[in-house]
Structure formats: structure tokens, C-alpha cells
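Reader: I'd like a close look at one part of this model before I do anything else with it. Could you walk me through it in plain terms?

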Amino acid sequence: MTAPLDVSSEETKATPEAVVSGLGGAKAIQGRSLGQIAWMRLKQDKVALAGAGVVIFLVLVAIFAPVIVGWFGHPPNEFHQEMIDTMTMRPKGGSGISSEFLFGVEPQNGRDLFSRVVYGARISLLIAFFATMLSVLIGTVMGIVAGYFGGWVDAVISRLMDIFLAFPILVFALALVGVLGQFEMQLGVQGDTLRILLLIFVIGFFNWGYIARIIRGQTLSLREREFVDAARSLGARGPYILFREILPNLIAPILIYATLLVPANVLFEAALSFLGVGIQPPTATWGAMLSAATKYYTVPHFMIFPGMAIFITVLAFNLFGDGLRDALDPKSNR
Amino acid sequence: MVTYIIRRLIGALLMLAVVSMVTFSIFFVVPRLAGVTATDFANRYVGRAATQETVVEVAKKLGLNDPVVVQYGRWVKGIFVGSEFDYGSGVEHCPAPCFGYSFVTKKPVWPDLLDRLPVTLSLAVGASIIWLLAGVAVGVLSALKRGSLFDRGAMIVALSGVSLPPFFTGLIALSLFSYGLRITAPGGAYTPFSENPAEWAYNLILPWLTLAFLNAAAYARLTRAGMLETMGEDYIRTARAKGLKESTVITKHGLRAALTPIVTIFGLDVGILLGGAILTENVFSLPGLGKYATGAIAAQDLPKIMGFTMLAAFFIVMANLIVDLLYAVVDPRVRLA
Amino acid sequence: MKKRTLVVAASGAALALALSACGGGDSTTTPTGEAAPAASAPAGPTGFNAGLDAVTNPSDKKGGVLKMAVTEDWDSVDPGDTYYGMSWNLLRIYGRPLVTYNPAPGAKGRELVPDLAESLGVASDGSKTWTYKLRAGLKYEDGTPITSKDVKYAVLRQLDKTTYVNGPTYFNDWLDLPKDFESVYKTPDVNTDQAIETPDDQTIVFHLNKPYAGFDNFAALPATVPIPQAKDTGIKYRDHVLASGPYKFDKVEQGKLYTLVRNDQWDQATDPIRKALPDSYEITLGVQGDDLDNRIISGDLHVDIAGSGVQPAAIASVQQDPELNARADNPIAARTWYISLNPDVAPFDNIECRKAVLFAADRTSLQTAYGGQLAGDVATSLMPPGIGGWQKIETYPSAGSDEAKAKTALTACGQPNGFETTMTFRSDRPKEQAAAESMQQSLAKVGIKLTLKGFPTSEYFTAYAGKPSYMKENKIGLATNGWGADWNDGFGFLSQIIDSRTIREAGNYNLGIKDPAVDALVDQAFAELDTAKRDALWGQADAKVMEGAYVLPAVYAKGLLLRGKGVTNQFITGAFDMYDYLALGVE
């Protein structure tokens with residue numbers, strides 16, 4: 001990821017010197033790549049760094065969920081009905097929070113809420129990351145092709161973007177997951193794998209319109225720039241210009257919007273799970289936990305922990321994404 | 001200008017046509033490819049006690065064996081002239097505009113949609129007014145007092161606002177204000193404005209605030225960024241240099257420029273919202289279009305899903321159209337593009 | 001088929017809750033609250049479970065508006081097109097069947113009493129022919145007289161199950177219908193006298209294709225509520241149901257609101273069972289579940305029509321608040337939640353592997369999954385205890401599980417290390433989801449690995465768990481299931497779910513009970529004219545099903561119901577195991 005960033009040093013819009021002097025930390029003025037500058041700016045942004053720290057923490061939690069749960073919790077689907085008052089269905093003592101059950105237990109079946117929140121991070125991040133990659137992939141290709149070739153290609157792709165932006169996406173995703181989810185036999189996969197793939201596809205597939213629009217705009221302006229003309233006059237052909245000249249300059253916006261798309265997709269996945277078409281039980285997802293908590297509105301810990309997990313994740317990504325935008329796009333001022 | 005409007009109108013209609021085709025294929029072609037037969041579809045229209053012959057007969061009568069293109073044509077025709085549905089026990093008439101006939105409720109879809117529309121409309125209008133006013137006010141103040149305690153506080157709240165899902169804030173609000181303090185309606189009820197305005201507002205206040213909170217946060221961030229950018233422009237410096245009062249500079253010159261993109265986004269957001277605030281309506285059990293849609297999806301009631309999707313797409317396309325036309329009025333360059 | 005439970009979409013499809021309908025007389029468990037003293041105060045008994053066996057707050061005062069509500073709509077108010085217990089209970093305020101249930105508390109509520117008819121049915125031809133005579137002076141709300149031809153038309157009309165998809169099919173199966181009769185709409189000219197005769201306007205004679213001694217149970221079905229052919233508008237009839245009872249529809253807003261007002265053409269002299277106390281009924285549909293509970297608690301609403309109990313949130317309040325506890329009843333319903341085992345799929349073709357599941361399933365955990373002690377008692381067989389002929393079957397654990405026996409059974413089955421299979425459940429019913437998850441946990445302990453699959457209720461029986469071909473192709477071994485009695489005897493409960501000959505291509509609630517010995521017992525019970533002997537036969541059939549280990553009964557459903565503030569004559573009827581809606585009044 002860092003290599004392409006370095007390529008574009010000559011073409012950066014802002015003069016590195018001005019930025020460096022602005023930061024005041026540089027001893028001597030020297031040529032710096034956009035990546036280096038961005039990193040310097042990012043280092044100054046404490047809030048963004050905090051966001052990044054939380055993001056890294058969350059990713060680690062997701063990866064090492066089994067280990068963490070092994071130390072501090074119980075298997076996420078294991079029942080602990082000895083913790084439940086069978087008359088009221090609520091955890092004994094209200095929440096069941098103790099050193100053994102850090103976040104307490106779920107009403108009715110007594111599952112360890114801590115373990116379920118930790119495991120929920122896996123589903124949430126996995127789907128959000130891959131869906132984002134899918135959107136970015138489709139969006140970038142569509143955007144570059146439309147912006148570079150122009151003409152009827154641009155017209156067709158732009159219309160397509162408009163159509164995707166005009167879809168009531170949430171309903172569509174809901175319905176599509178419902179329809180496709182029934183064809184386990186035909187699709188050849190089932191269970192969680194099927195659902196995860198389906199959600200990545202649906203979330204990713206409907207979200208490329210926005211990113212494509214941005215990339216198209218950027219490509220349009222890049223296409224007319226001198227260095228592209230120069231490459232062309234030197235005999236470079238379409239693919240070379242696209243991938244060696246234009247694409248590297250698009251890394252910054254792609255990175256920014258990808259970072260900001262991840263939290264949106266976390267919310268999207270949570271919404272689908274909340275509405276009951278996400279990963280199927282007993283696998284833990286934050287949205288489904290919130291959905292179950294609605295029946296027990298007098299048991300606050302049941303909704304607070306998964307809700308806060310969503311909030312912290314989305315907030316961390318937003319903070320980091322904002323910081324990254326400020327760092328990579330010198331024109332934006334806060 | 002007239003040619004521009006006509007061009008845009010035709011574009012909007014084409015867009016709706018494409019959306020309808022895509023929707024239709026997803027619900028009727030994809031299942032076919034996956035091996036669902038015409039009789040499986042017909043099974044949804046007849047009762048559980050129906051014999052196999054009846055199912056086959058109904059499939060034939062409803063034309064479920066026809067090529068999808070023919071079925072799509074019939075569906076489009078229904079919108080303009082209405083259609084008849086023959087279940088074998090009497091013909092059901094579905095008057096124009098017929099957006100389908102539900103096999104679950106045995107009712108045409110269109111009147112149902114119209115019935116739900118006022119709820120969603122009330123929700124969208126109320127919430128959007130709140131978030132527009134609150135978001136812009138906070139954004140402007142933040143920009144003017146950049147770096148102040150207010151600015152920082154407001155931006156922290158705003159960033160939290162965009163990071164909180166409405167089904168979490170809504171739940172917290174419900175359990176706090178409706179079930180805990182019992183000062184707001186617990187959801188589920190809707191009273192038409194014409195019947196009792198006070199009750200109408202009482203039932204909607206929590207959904208309004210939940211929905212508005214989410215969007216106000218985003219608008220505050222946008223407004224602040226926009227204001228900061230415009231207030232740094234040369235013409236603002238010129239206006240100040242002319243000796244205009246600061247308040248005039250802000251409202252007449254700064255705000256006007258900063259608000260143009262906000263209004264664009266506002267138009268699109270309201271358009272999307274009119275198609276059903278699915279999450280908010282579900283959290284508060286409001287009988288609007290969004291709740292209707294999730295109900296239809298749960299019951300796999302395809303005609304309803306089709307009808308709803310079309311209405312929602314219609315609102316989005318219309319919002320786009322209106323925003324574009326307004327832009328064209330404000331900025332003549334657009335027309336030439 | 002079965003009398004359905006109402007599904008509540010509390011907020012969104014995913015949040016729907018299963019409510020159980022029908023319930024049965026006597027509850028054995030008393031929750032934390034104090035049971036009220038059984039003193040016969042002049043105002044009638046009060047306290048927890050007071051409404052189970054006695055009329056609470058008795059009064060003959062007329063007037064007032066009775067406010068009822070329900071979380072969702074039910075199938076239809078058309079008497080020929082409804083299969084919800086609450087609807088069968090409620091529709092008697094506007095419609096009069098030939099025969100109905102005695103509006104009395106507890107077991108007395110199961111007695112049949114003549115309604116439109118002068119007396120219960122008169123059998124002849126070895127119980128194959130049943131004759132009823134209508135009372136004199138019966139009129140519809142428009143003043144036209146009610147004749148036996150209208151009853152005949154109403155019964156024939158609802159045989160058309162492609163139009164009236166909801167109701168039961170007993171008349172389809174038992175009437176001696178002519179071969180060329182299809183429906184009153186398609187073949188209006190076919191002579192149907194061989195099935196139902198109306199020699200005069202007061203007399204109606206039913207001819208069955210096989211003897212049935214309990215035909216009065218059929219005559220009590222809503223299908224016998226009269227509908228004049230001239231007023232029949234097919235599926236649209238539900239918008240304009242013509243009243244034969246003491247109330248008629250005033251406002252009909254489908255899915256939202258019904259109001260009923262007094263029907264001045266109804267004559268108290270023709271009706272010994274209805275008191276018709278309130279001046280009007282106001283029925284609100286689609287009220288959010290928790291809101292509904294809170295409004296009943298505050299007195300803003302009188303009755304939750306669903307009659308299946310309060311939402312989880314209110315269960316705790318009812319137990320913690322003595323005042324509320326004293327207003328609560330906890331009847332046991334004639335409904336069993338169970339898990340079907342599918343012998344079409346290996347290794348469940350081997351009885352030992354089925355037994356392994358029955359031993360390994362943790363009953364206490366299942367009970368908790370279905371809502372805990374207040375929501376049900378651990379079931380030991382399909383048939384609930386309120387039904388004649390019931391016996392406790394002690395072959396399998398009635399608390400916890402028996403892992404040792406489960407392992408022995410697994411070894412006997414040739415799968416000592418367990419096996420893998422799939423279990424379906426209704427994804428919009430949190431209780432069934434919890435039950436499936438509970439099964440997954442307890443079966444894992446003996447090495448049986450379950451994969452869970454949820455499907456929406458709307459298609460669960462027609463496309464998935466009720467479709468043997470689907471279950472077989474997809475190798476699904478277990479399915480959550482539930483069944484409520486159409487009326488409270490062995491026939492009304494068991495006949496549709498244990499008789500292998502009722503299994504169709506789709507829409508089945510019976511997946512795996514295909515045992516000739518069971519079928520033979522069913523035939524014997526059909527033919528037996530003596531009630532006690534018949535009950536015993538149904539009990540034997542129930543035992544035979546358990547012997548074959550075809551189902552895992554989970555709980556006999558119970559509901560925690562709240563009596564409304566200021567409601568008079570409120571009691572649980574043994575017929576529907578919810579409050580009787582014929583007797584209610586307001587103070």
C-alpha cells in the first residue's frame with residue numbers, strides 16, 4: 001500500500017515545502033512524498049490516532065476472539081441457565097455481571113454477553129471489510145473507466161450509478177438476502193458461510209455508486225493533466241496510463257472513502273441483522289443481539305453492551321477516516 | 001430551460017423503468033434460475049388445503065408459466081389500465097394504478113401503500129424540519145466559534161450522532177422516556193393529523209427526535225465545513241471590507257453559499273426517507289411504508305415488495321429531479337452541461 | 001391443521017413473538033405471589049388464578065364500551081375463513097353457530113350448548129346422520145329471518161379452500177359430498193342434498209361419510225354461523241359480515257380497527273347463553289405488545305384478544321407487583337410445543353437414534369427456552385393434560401436430561417460417537433429460536449451436532465418444515481412445531497397430527513408419525529361411541545406415539561393473562577383457555 005503512494009511525489013497538488021514548514025518540525029527542507037507528508041500530518045492528529053488505536057484493538061479482538069474468550073469468558077453459544085430466574089426469565093440479580101461474566105448474561109438462556117460481544121466483532125468487521133473492498137473494487141473500476149474513456153461509456157456507467165443510487169438499498173438488500181438465502185442447494189454453500197458471503201455481496205454490490213462517482217470526477221480532471229499528456233505523447237497506451245499514471249493518483253481518495261465506508265457498512269450489517277436477515281442464530285452478531293434486547297427493555301445491560309460495541313467501532317473508524325482525509329487531502333480544512 | 005426539463009423528465013421515467021425491470025427480475029427471474037417452479041409461486045396464492053390440480057390450474061390462470069417478459073408486460077399494463085386476477089373462485093379486480101395484488105392479504109397493493117404513506121410522510125416531514133434547523137444552526141455556530149468549547153462539544157456530539165445506529169438510540173430512548181419516565185408514546189400508534197394534532201405529535205415525537213438526531217449530526221458537520229470554506233473566500237473579505245455588518249456578511253453572503261450543497265443533500269435525504277424510514281419505523285412499530293416493507297419481506301409477499309420498491313424509487317428519482325431542476329434555475333450553467 | 005397462534009411483530013419481523021392461543025383449565029404452579037383466599041366475597045373471587053375456576057367480578061350491569069386490542073391482525077373476521085382460537089372465541093358476539101361452548105369457567109366451559117339450534121344434534125344411522133332444528137324467530141341484523149338453508153350455504157361455502165384458505169377442513173373430510181361438487185362458486189347447480197339436507201327452513205340434516213359420535217364439535221365450528229347466499233361477497237364478505245349475534249359491525253377498517261354496536265334485530269328470547277352486557281365493542285389492531293400490556297395494567301384497555309399472555313417485559317412486573325399479581329391468571333393451554341423427528345432421514349430411521357435425542361434433550365432448558373415456568377409445564381407426551389384420556393408418560397426425563405441413557409441408545413443405534421443433522425425453526429419466533437439453540441447445546445453433550453436453520457412462519461409449513469419432500473431432500477432431522485386443539489378432546493387435538501393418512505404434500509404439522517399401530521388406534525377411536533372408552537383410546541394412541549419416539553414434546557403451553565380493570569364476568573373458559581368473550585361486561 002505504501003509503495004504506490006510514493007510514486008506520485010512530483011504530482012502532488014500542494015507543495016511539500018509549505019506543508020513541512022507549516023508543521024515546523026522539519027530540520028531541513030527536502031522533497032517528501034505525499035505518503036510521508038500524510039503520515040507526518042496524521043502523527044499530529046491525536047484524535048485520529050486514538051481512532052486508529054481503537055480500530056487496531058478491535059481488529060485484534062476479532063482475530064483473537066477465541067483466545068480472549070478462553071481467558072475471560074465462556075463459549076459464546078453455551079447456555080448458563082443456572083444464571084436465570086426461571087419465573088421472570090431474567091438473569092439472577094438483574095444482569096448477572098460478575099468477575100465470571102464480565103458483561104453479565106443474556107436473559108432466558110444465560111449466554112455470556114461478553115463472549116458474544118467479542119465474537120460479534122468478528123462478523124461485523126469481516127463483513128464490513130470485505131463488503132468495502134467489493135464496493136471499492138467495483139466503484140474504482142467503473143469510475144476510472146467512465147472518467148477515462150468518456151463518451152457513451154461514461155454515459156452508460158453514469159446512468160448505472162444513478163440507478164444504483166436511486167435504489168431503496170436497505171429494502172432491496174433485505175429482500176435479496178431473503179430470496180437468495182433460500183437457495184442453499186443451488187449455491188452450494190450453507191450456514192454462516194453462505195450468509196457471510198451473501199451479506200458481503202449485497203452490502204458491497206449496492207454501495208459502489210457513490211465511490212464510483214467520486215473516482216470518475218477525479219479521473220476526469222486527472223485525464224487532462226500535463227503528466228498524463230506527457231505520458232501519452234511519449235507513446236504510452238491506455239492500460240499503462242490508467243494503471244501507472246492515473247491509478248496511483250487515485251490512491252488517496254480511494255483510501256479515504258474506503259475508510260469512511262467501513263463504518264457505514266458496519267452499520268448496514270447491524271441493521272440487516274437487527275431486521276433479522278443477517279447471520280443466523282446461534283452465531284452472535286451485534287444487530288441480532290439488539291433485536292433480541294427489544295423484548296427485554298427492562299434489562300438495560302442487554303442492549304447497552306452490543307449497542308456500545310457498534311457505537312465504538314463506528315466512531316473509531318469515523319475518527320480515523322476523518323483524520324486520514326485531512327492528512328491525505330491538504331485542501332480540506334477542518 | 002424547457003428542453004432541459006423535458007430531458008430530465010424523460011431521464012427520470014427511464015430510470016424508473018430500469019429500476020422496475022431490475023426489481024422484477026430479481027424477484028421473478030432469480031428464483032426461477034434457482035429452480036423455483038411456476039407452481040411453487042402459485043402455491044403462495046392458494047390455500048394450504050389446495051390440491052395439486054388446483055395449484056397447476058391457478059398457475060395457468062395467473063399466467064405464471066408465461067415468459068418473464070410477458071409477465072413483466074402484464075405488470076406494467078396493470079399500472080395503467082388495472083388488471084384482473086383469477087384465483088379460480090371468482091375474479092378479483094385490481095383497478096389502475098395496479099401495482100400488484102397481494103396473495104397474502106388478498107388486496108391490491110396500491111391502496112395499502114396510500115394508506116401507509118401519511119405515516120411515513122408525517123415522520124419524514126417532522127424529523128427533517130427538526131434536523132435541518134438544528135443541524136444548520138449548530139453547524140453555523142460551530143463554524144463561527146471555531147475552536148471554542150461549544151464547537152468542540154458540538155462536533156463530538158455530532159460525530160457520535162453519525163456513529164450511533166437509530167435502532168440503538170431509538171431503543172434507549174424508548175426504554176428511558178416511554179417505559180421508564182412514561183412521558184412519550186411507546187410507539188405502535190399513529191393518529192392522523194386531521195383527527196387530533198396533539199396526539200399526532202405525541203405519537204411521533206420520539207421517532208422524530210431519533211431520526212433527527214442522526215441526521216442533524218451529519219448536517220451540523222456538513223454546515224460547519226461549508227461555512228468554514230465560504231467564510232475563507234475572497235468575496236467575504238470584500239464584503240467585510242465594504243464595511244457591512246458582520247451579521248449581514250454571515251447571513252447574506254456566507255450562509256447562502258454554504259447552504260446550497262446542504263439543500264441538495266436535504267432534498268435527496270427527504271426523498272429517500274419518504275420511501276420508508278425502515279429502521280425507525282421498525283423500532284417504534286410505526287405503521288408506515290418501511291414497516292409495511294419489512295412485513296412484506298418477512299411474508300415473502302412479492303407483489304407488496306415490488307409495489308413498495310417502486311414507490312420508494314419513485315420518491316428518490318423525484319427528489320433527484322427536483323434538486324436538479326432547482327439547481328438549473330439557480331445556476332444556468334447546469335442546463336448547458 | 002391446527003388452531004393457530006397469533007404472531008406478534010413487536011417491532012419488525014425479527015422481533016415477532018409467538019403467542020400461544022388455546023389453554024386448558026387447571027394450573028398447578030403458583031408463582032411467587034400469594035394465591036388469593038378462596039373466600040366467596042360478594043364481588044366474586046379475586047387474586048392470582050381466581051379466574052381459572054370462578055367468575056370474577058360478577059355483574060349483570062349493562063352498558064359501557066368494552067375496549068379490546070391485539071398486537072396484529074388475525075386471519076379474518078369471516079366465520080368461514082378463520083383458524084385462530086381468539087377469533088373463534090370472539091366471533092360469537094356477532095355470529096351464532098348451531099352449537100357453542102357454555103360460557104362458564106374452567107372445565108364447565110367445554111360443555112356444548114345449543115345456540116342457533118334448539119338442542120344438541122340428534123344422531124341417527126349409527127352417528128352418520130345428524131339433525132338440528134333452528135330456534136324460532138332468529139333474524140339477521142337487516143331483519144331477514146335466518147333459515148337452515150343459510151347454515152347449509154355457510155358450511156358449503158367454506159369448503160372452497162382456495163378462497164377461504166384459513167379455516168379447518170373437517171367438513172371437507174367428513175361430509176358425504178357428491179363427487180362432482182367442487183365449490184358453491186364453480187358448481188352452484190350440483191345437488192348437495194346427500195351431504196346436507198334442509199327439509200324445511202328450520203331443519204338441517206348432515207350426512208357423514210363415516211360415523212362420528214362427537215359431531216356436535218363440528219357443529220360448534222364457526223363454519224356453521226349462517227350466511228345468506230344473497231349477501232355472500234366471497235373473500236370480501238369479511239368487510240360486511242352480516243350479524244346474527246347481539247352485536248353488528250359498525251366500523252370496519254381492516255388491520256386497524258373494528259367497532260361493534262348492538263344489533264337491534266337480535267332477540268334475547270332466542271338466546272339463553274348471551275347476556276350482551278356492553279353497549280359496544282372497540283377493537284384496536286396492531287397495538288405494540290409492550291404498550292398493550294401497559295395499557296391493560298393502567299386500565300386504558302380491557303382485554304388482550306390474543307389471550308396468550310403478556311410480553312416478557314411484563315412477566316417480571318406481574319410477579320413483582322402484588323396488585324398486578326392479584327389480577328393475573330396462569331391457565332394451561334390445550335397446546336403443546338414439540339419438536340418433530342424425521343424418520344425419513346438417516347439416522348432417524350432407527351428408533352434408537354430417535355430415542356437418543358429424546359433422552360439427551362434438556363427438558364428444563366427447553367422449558368426455559370419456551371418462556372419458563374409461567375409459560376409452560378414440561379411435556380411428557382403430545383396430548384396436553386387438560387384433555388380426556390391423558391396420562392403421564394414416564395419413559396423419558398421430565399427435568400434435565402439423561403445422558404447415560406442417550407449414549408446407550410446411540411450405541412444401540414450404531415452411532416456411539418453421535419452424528420450430525422439439521423434442525424429447522426421459525427425464525428420470527430424467539431421462543432422457537434431459543435428452543436433450537438437449547439437443543440443444539442444439550443445434544444452436543446452426547447455428540448449429536450445440530451445445524452440450525454430458520455425460516456419465516458409464513459412459509460414454514462407450506463414450503464419447509466411441513467413439506468416432507470423438502471425435509472427429506474435437505475436431510476433435515478428435527479423441526480420445531482406446535483399444535484393447539486381445535487376442541488378439547490383427543491379427536492380435536494390428535495387427529496390431525498398423528499394420523500399418517502392426513503399427511504399431504506405440504507402444510508403438515510406431522511412430520512414423522514407414520515405408524516400403522518397409531519393409525520389403527522385412531523380408527524378405533526373414530527368408531528367408538530362411548531366417551532370414556534374413546535378418551536382411553538386417544539390416550540393409548542398418545543402413548544404409542546411416544547413409544548415410537550417420533551416426537552420430542554417440549555412444553556404444555558401456559559399463558560400469563562391479566563384481567564382488565566373494571567371488567568365484569570371475567571373468567572377463563574376451558575373451551576379456548578383464555579377469557580370468555582361472550583360473558584364480559586364493563587362496570
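How many salt bridges are there between chain A and chain C? Please take that interface slowly, and then tell me what lies around it.

Author: The count between chain A and chain C is 1 salt bridge, where a salt bridge is a side-chain nitrogen of Lys or Arg within 4 Å of a carboxyl oxygen of Asp or Glu. The partners are A:Arg111 and C:Glu437, whose side chains meet with N to O at 3.0 Å. By class, the side of chain A that touches chain C has 11 nonpolar, 13 polar and 5 charged residues. For those classes, Ala, Val, Leu, Ile, Met, Phe, Trp, Tyr, Cys and Pro count as nonpolar, Asp, Glu, Lys and Arg as charged, and the others, Gly among them, as polar.

Some ground rules before going on. This is a predicted model, in which local features need pLDDT of at least 70 and side-chain atom pairs count only at pLDDT 80 or more, while totals for chains, interfaces and linings use all residues. Residues are numbered from 1 along each chain as its sequence is written, chains are lettered from A and ligands numbered from 1 in the order in which they are written, and side-chain values use heavy atoms, with hydrogens and water left out.

Back to the interface. Contact here means heavy atoms within 4.5 Å, and by that rule 29 residues of chain A touch 36 residues of chain C. The rule for polar contacts finds 9 residue pairs across chain A and chain C, both residues at pLDDT 80 or more. A polar contact is a pair of N or O atoms within 3.5 Å; within protein, one must be able to donate a hydrogen and the other to accept it, and residues adjacent in sequence count only if both atoms are side-chain atoms.

On area, chain A and chain C bury about 2,700 Å² between them, and carbon and sulfur atoms give 56% of that. Within chain A, the residues that lose the most area to chain C are A:Met87, A:Pro281 and A:Lys295, together 25% of what that side buries. Buried area is the accessible area (1.4 Å probe) that two parts lose on being put together, summed over both.

A:Pro282 sits in the loop between α13 (238-274) and α14 (286-293) of chain A. Helices (H or I, at least four residues) and strands (E, at least two) are DSSP runs, numbered from the N terminus. Most residues other than glycine have a negative phi, and most peptide bonds are trans. Chain C has a cis bond too, from C:Ala346 to C:Pro347, with omega near 0°. C:Pro347 is in the loop between β15 (332-341) and α8 (351-360) of chain C.

While we're on backbone geometry, C:Asp125 isn't a glycine, yet has a positive phi of about 55°. Its place is the loop between β6 (122-124) and β7 (129-133) of chain C. C:Asp125 counts as exposed because its relative accessibility is 53%; the cut-offs are under 20% relative accessible area for buried, over 50% for exposed, and partly exposed in between (1.4 Å probe, protein chains only). C:Thr480, in strand β19 (residues 476-484) of chain C, counts as buried, at 0% relative accessibility. Among the residues that C:Thr480 touches, not counting those up to four places away in sequence, are C:Tyr338, C:Phe425 and C:Tyr460.

Chain A also meets chain B, with 38 residues from chain A and 42 from chain B in contact. That pair buries about 3,600 Å², 80% of it on carbon and sulfur atoms. The rule finds 1 salt bridge across chain A and chain B: B:Arg221 with A:Asp322, the closest N and O atoms being 2.9 Å apart. The count of residue pairs in polar contact between chain A and chain B is 2, both residues at pLDDT 80 or more.

How far to trust it? The model scores ipTM 0.86 and pTM 0.86. Chain C averages a pLDDT of 88, and 93% of the residues score at least 70, pLDDT being the predictor's confidence in each residue, from 0 to 100. Over residues 7-42 of chain C, though, pLDDT stays under 50.
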